[in-house]
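Subject: The structure you asked about

Hi,

Here is the structure, ready to open next to this email. My notes on what turned up in it follow below.

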Amino acid sequence: MWFRVSMLVAAGLFTLGVPGGAQPSNVRVMAAPHARITNLRSFHVLPTPLRLDKVPRRGTYDPMAVHSRANRALWEAVDRGLVERGYVDTEWMPDFVVAIYASIDERLDLDAWLYGYTHEPQWWSLGRIDESPTLFPAGSVVVDVVNPETLDVLWRGAGTATIGADPLENANEVLAVATTIVQRFPLAKPVVIANDR
């Protein structure tokens, strides 16, 4: 993984369980019709990219501020969640890459971040014609699983946390939503190794 945070430090900074105020029912996941997610084995969580406007994010509890506590905890939680679901983290030729977006204090616009793929999968339907697949309310978390060769979005999970006045609590709520999203990602198929006798 591009940046490791010890389990002890991450646990000390944020509670990884779902806080009482988190609403896991606000999480929605969808997969591309052609995606064969469970046939994939390896992944890599992409580092936080630059914003399109190149304005750096700052703040201890801003999940998109590179090297903030919230950023490290969020990326570590997604990485750990995928490993727990049977996938292997590798930087060298992964089967899929993972882009993470989160916002606490403003509307989340996926197009503001330079991950390098199209953020508008044709299969992602929000159910309302007037909403964009790249705009989400404050408190949102989006986890995209992307084919690193074609740059197609294979799977998307999105959810919204309840945001209040306490920045630490808001960061915990966002982290809980991200954890819930990853728990809805399909389990990897176990690798069967045949014994040759």
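Which strands does H2 lie across, and at about what angle does H2 run to E4? Helix H2 lies across E2, E3 and strand E4 (96–102), and H2 runs at about 140 degrees to E4. On the sheet there is also helix H3 (residues 167–183), which touches E1, E4, strand E7 (140–146) and E8. The direction of H3 makes about 140 degrees with that of E8. Do keep in mind that this is a predicted model.

The sheet itself

It's an open sheet of 6 strands with mixed pairing, and the order is E1-E8-E7-E4-E2-E3. Strand E1 (28–31) and strand E3 (88–89) sit at the edges, each pairing on one side only. E1 pairs with strand E8 (residues 153–160) in the antiparallel sense, over 4 bridges. If you want a spot to check by eye, Val-29 stands opposite Gly-157 in E8.

E7 is worth a look too. With E4, E7 runs antiparallel and is joined by 6 bridges; here you'll find Ala-99 opposite Asp-144 in E7. E7 is also antiparallel to E8, this time through 7 bridges, with Val-145 opposite Trp-155 in E8. E7 and E8 make a hairpin with 6 residues between them, and Leu-151 in the turn has a positive phi of about 65 degrees.

How much of E7 is buried? The count is 7 of its 7 residues. In a regular strand, side chains alternate between the two faces of the sheet.

Helix H2

H2 is largely enclosed by the rest of the structure, because 12 of its 16 residues are buried. Among them are Leu-74, Trp-75, Val-78 and Leu-82, but also Asn-71, Glu-76, Asp-79 and Arg-80. The length of H2 agrees with what you'd expect: at 1.5 Å a residue, 16 residues should span 22 Å, and the end C-alpha atoms are 22 Å apart. Just after H2, Gly-86 takes a positive phi of about 105 degrees.

In soluble globular proteins, nonpolar side chains tend to be buried together. The largest nonpolar core here has 53 residues, and Phe-96, Val-98, Tyr-101 and Tyr-115 touch the most other members. E2, H2, E4, E7, E8 and H3 are the elements that give two or more residues to this core. Leaving aside neighbours within four places in sequence, Tyr-115 is in contact with Leu-46, Pro-47, Thr-48, Pro-49, Trp-75, Ala-99, Ile-100 and Tyr-101.

One arginine to click on

Is Arg-51 buried or exposed? Arg-51 has a relative accessible area of 16%, and the cut-off for buried is under 20%, so Arg-51 counts as buried. You'll find Arg-51 in the loop between strand E2 (42–45) and helix H2 (69–84). The side chains of Arg-51 and Asp-53 are joined by a polar contact of 3.0 Å. Not counting residues up to four places away in sequence, Arg-51 touches Arg-57, Glu-106, Ala-112, Trp-113 and Leu-114. Arg-51 and Leu-110 are 59 residues apart in sequence, yet their C-alpha atoms are 9.7 Å apart in space.

Cheers

Terms used
Residues are numbered from 1 along each chain as its sequence is written. This is a predicted model: local features need pLDDT of at least 70, side-chain atom pairs count only at pLDDT 80 or more; totals for chains, interfaces and linings use all residues. Side-chain values use heavy atoms; hydrogens and water are left out. Buried means under 20% relative accessible area, exposed over 50%, partly exposed in between (1.4 Å probe, protein chains only). Contact means heavy atoms within 4.5 Å. A polar contact is a pair of N or O atoms within 3.5 Å; within protein, one must be able to donate a hydrogen and the other to accept it, and residues adjacent in sequence count only if both atoms are side-chain atoms. Two strands pair if DSSP finds at least two bridges between them. Axes are lines fitted to C-alpha atoms, for helices over the stretch in contact, and angles run from 0 to 180 degrees between N-to-C directions. The expected span of a helix is 1.5 Å times one less than its number of residues. A nonpolar core is a set of buried Ala, Val, Leu, Ile, Met, Phe, Trp, Tyr and Cys residues joined through side-chain atoms within 4.5 Å.
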